[in-house]
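Welcome, and thanks for taking a look at this one with us.

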Amino acid sequence: MLIYLGMRGDIIHPGIINIIREGARRGDVLVGLLTDQAIAAHKRLPYLTYEQRKEVIENIKGVSQVVPQEEWSYVPNLRKYKPDAIIHGDDWKSGPLQKERDDVYAAMEELGGQVIEIPYTSGINSSALNEAVRSIGTTPDIRLKTLRRLLDAKPLARIMEAHSGLSGLIIEHLEITKPDGLHSFDGIWSSSLTDSTNKGKPDIEAVDLTTRLQDLTNILECTTKPIIFDGDTGGKSEHFVFTVRTLERNGVSAVIIEDKVGLKKNSLFGTEVDQELSPITDFCQKVSAGKRAQVTNDFMVIARLESLIAGFPVEDALERARAYTEAGADGIMIHSKEATGVDIKTFCTAFRAEYAHVPIVLVPTTYNQFTEKELLSWGANIVIYANHLLRASYPAMMNVAKSILENERCLEADSLCMPIKQILELIPGGK
Ligand code: SPV
Ligand code: MG
């Protein structure tokens with residue numbers, strides 16, 4: 001008798017061992033191990049890679065074979081392997097897995113098999129276990145690899161700007177439940193605009209790498225998610241190679257450099273300011289130098305196209321995108337301040353037709369009416385919300401400061417602030 005058991009296999013606890021034992025008593029246990037792709041569509045990427053999880057599960061007593069389960073739903077594998085039974089903990093009778101359960105019952109009836117439900121092992125708090133896995137933290141090596149893992153596992157990675165440990169914590173921990181599963185941010189954008197603004201400086205590469213890394217260290221210390229670093233123009237090639245090494249050593253997954261020369265100004269000024277583009281060959285040389293400098297295979301150098309920002313047509317951006325890709329760029333970021341999104345959509349469609357797999361990064365600050373699903377349908381793989389947490393904090397601080405000035409006391413400001421008790425308890429370990 002063949003018994004199917006679908007699982008994630010990231011945390012092994014006595015409840016799982018019990019189900020395997022119950023399965024093995026009845027027959028051969030075929031484990032359908034959920035792939036990163038299957039999990040990432042609904043939950044956070046597991047701590048261990050598929051291969052690591054497979055190695056663990058294969059070595060558990062009672063497991064006969066491990067096969068990939070490539071969908072969140074058990075049904076495609078039930079159809080494929082036609083087991084005599086599927087075994088599952090009875091905790092899926094209520095909660096988010098109810099629909100999966102209904103589908104499994106229907107499929108097994110059709111296949112003439114059985115559904116075996118094993119009483120949930122009490123005393124095991126899986127959310128506490130999940131929390132514990134998070135508190136393990138990460139290493140630079142693991143964090144660095146996570147962006148490529150995410151790009152393999154998810155059609156669109158959702159990246160949010162952080163400029164401090166505190167904003168990093170929001171990105172690390174915020175989760176909301178929607179009908180299609182848990183939603184959270186996949187990674188962190190280290191923005192030159194918000195890093196500079198937060199220091200009271202303009203976004204003109206005046207904040208040097210060493211200073212930006214000091215702030216990034218605060219984010220690294222309290223988060224585990226992958227980081228994409230805004231490398232501005234990358235400076236001179238001879239300097240950029242050191243930037244790549246430094247970022248890589250710190251566990252940053254990718255650097256994005258833009259093809260501008262001269263005094264860099266923020267792209268969202270568009271043609272209000274001088275935005276001079278780099279000669280194509282010079283920028284290709286910088287991208288290649290960066291790629292040669294990296295030590296791991298995992299670090300990514302992403303080329304950012306400023307053609308549309310500087311007032312050039314989509315065709316110019318495409319010509320550059322081709323050249324930068326051939327020079328070794330691991331992805332392309334196309335930027336625009338045009339609110340219609342037409343230029344971006346045109347670029348994405350044309351580039352995707354030529355390069356099926358080169359990741360496209362979008363920063364929809366001005367064309368913000370488009371949802372992630374729409375950006376994905378244009379061909380985007382990474383969406384960056386580049387400045388929102390800093391922009392949100394400034395008006396909040398301003399209102400409180402004004403209230404205190406107006407009232408000459410802080411009573412009225414209190415309702416605009418988080419309660420003292422909450423801030424004391426926000427970061428565990430303070431007591
Ligand atoms: C940044 O966040 O610093 C960026 C994106 O480079 S933008 O500000 O839109 O140019
Ligand atoms: Mg920037």
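A residue is called buried when its relative accessible area is under 20%, exposed when over 50%, and partly exposed in between (1.4 Å probe, protein chains only).

## Where the model comes from

This is a predicted model, in which local features need pLDDT of at least 70 and side-chain atom pairs count only at pLDDT 80 or more, while totals for chains, interfaces and linings use all residues. Residues are numbered from 1 along each chain as its sequence is written, chains are lettered from A and ligands numbered from 1 in the order in which they are written, and side-chain values use heavy atoms, with hydrogens and water left out.

## The chain as a whole

The protein chain has 18 helices and 17 strands, taken as DSSP runs numbered from the N terminus (helices H or I, at least four residues; strands E, at least two). Buried residues account for 49% of its 431 residues. Among contacts (heavy atoms within 4.5 Å) between residues at least 6 apart in sequence, 74% join residues at least 24 apart.

## Helix α14

Which residues of α14 are buried? They are Asp343, Ile344, Phe347, Cys348, Phe351 and Arg352. Seen down the helix axis, they fall within an arc of 150° (from the directions of the C-beta atoms), so they line one face of α14. Their packing partners are β14 (300-305), α13 (314-326), β15 (331-334), β16 (360-362) and α15 (372-378). On the other side of α14, Val342 and Ala353 are exposed.

## An enclosed space

A cavity is a set of points, on a 1 Å grid over the protein atoms alone, where a 1.4 Å probe fits but cannot get out; lining residues have an atom within 4 Å of a point. The search of the whole structure finds one cavity of 30 Å³ or more. Its 18 lining residues include Leu193, Asn266, Arg304, His335 and Ala386, which lie nearest the centre of this largest cavity.

Note on methods. On a 1 Å grid over the protein atoms alone, a cavity is a set of points where a 1.4 Å probe fits but cannot get out, and a pocket is an open set with protein on both sides within 12 Å along at least five of seven lines; lining residues have an atom within 4 Å of a point. Grid points are joined across faces, edges and corners, and a volume is the space filled by probe spheres set on the points.
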